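Please consult the sequence and the structure shown here.

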Amino acid sequence: MNKGLYIHIPFCKYICSYCDFGKKYIQNQPVDEYIDALAKEIDMYAPFLDVNTIYIGGGTPSSLNQKQLTKLFDKLKQHLDLTTIAEFSFELNPDDVTAEFLDFLKSNHVNRLSIGAQTLNDEILTSLKRKHSAADVRTAVETAQHRFDNVSVDFMFNLPNQTRADVEQTLDFIDQYNLDHVSYYGLIFEEHTILSQANHEYWTEDYESEMYNYIQRRLEQSGFSQYEISNYAKPGKQSLHNIHYWTRNEYYGVGLSSSGFLADQRYTNTYSLRGYIDTINGGNLPVKTTERLTEADVAFEAIMLGMRYYQYIEVANELLEYVKKSEFLNDKFDYNQNQIRLKPQFYYISNQIILELLERIEC
């Protein structure tokens, strides 16, 4: 079965106020040392059998210079024929998009871009500590679409002081630029982020749910299918790499704080940058935690992940009967013999639904 390869670049030119991912402000960091260690970790996992997707994420991969990225791409070429990779994605910020940089990525067989726009409201972008403007987003997308036929753009809703008009502006932008893939995330308040400490105005839970459903309807009218809770695609433009995650396919995770899933075992790398580099230079994988899945774990994951991805999943007869008889659950699913599929209009309360199902499995 095909696998994915995820590569984490933890460095950023600035730290966004909402971000809780594994990241480091790039100034005065051992970036070259990290790339050398990353290359060694890739060697440790080679050969990469049956890899059909690569995703370079972060952090901000576009914070690296071309010399550093060339070293990474050259290492990948030692172990993989990049011309055969079905999907090779690269994350970047709008303010890093130039024709020269995109041509460089394309020459190294990147064939899909993921651009982090978040919003087209310049005041909100400032509050998020983003350095790009709405004009930068437009220029970036235009530049990208001239060179790539697979461009995804990320947006967020329920941002500080955001209005319905702000959301409608992004949806009009999606139509105007005829985008093929959109990730539209609701803001999650993570502890210890700058945003969690600030005093901003946000939507009520009911209004947030209403806006989530509004975004769904508008994107469906624009020809998108919602194939995952926060991801929408035109036909043939689903993210092949992300589908590995939702369907429990195997994938390698390399880099600081990366997670992987191989041979029924999940693992996560260390979050310590110095520890990551030193461990690899000592000839060892930088894995901090591992978990070998039991049958019960697999059953839990099938529910937890399957409910977030628009597909039918097979469930035990006992659970199926419970769902059909439940006043809360029954109308929220499509049924196909002993399979169920969560209806998209209920994605917004999926956590509550998943919890109900998992508690039933535990009984």
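The model is predicted, so local features need pLDDT of at least 70 and side-chain atom pairs count only at pLDDT 80 or more, while totals for chains, interfaces and linings use all residues. Residues are numbered from 1 along each chain as its sequence is written, and side-chain values use heavy atoms, with hydrogens and water left out.

**Nonpolar cores**
- A nonpolar core is a set of buried Ala, Val, Leu, Ile, Met, Phe, Trp, Tyr and Cys residues joined through side-chain atoms within 4.5 Å; buried means under 20% relative accessible area with a 1.4 Å probe, protein chains only.
- The largest nonpolar core holds 90 residues, and Leu5, Ile7, Tyr34, Ile54, Phe73 and Leu105 have the most contacts inside it.
- Helix 1 gives the most to this core, namely seven residues.
- A second, separate core of six residues includes Tyr227 and Trp246.

**Helix 1**
- Helices are DSSP runs (H or I, at least four residues), as strands are (E, at least two), numbered from the N terminus.
- The end C-alpha atoms of helix 1 (residues 31-45) are 21 Å apart, which agrees with the 21 Å that its 15 residues should span at 1.5 Å a residue; the expected span is 1.5 Å times one less than the number of residues.
- Among the buried residues of helix 1 are Tyr34, Leu38, Glu41 and Tyr45.

**Isoleucine 54**
- Beyond its neighbours within four places in sequence, isoleucine 54 is in contact with residues including Leu5, Ile7, Phe88 and His241, where contact means heavy atoms within 4.5 Å.

Methods. Buried means under 20% relative accessible area, exposed over 50%, partly exposed in between (1.4 Å probe, protein chains only).
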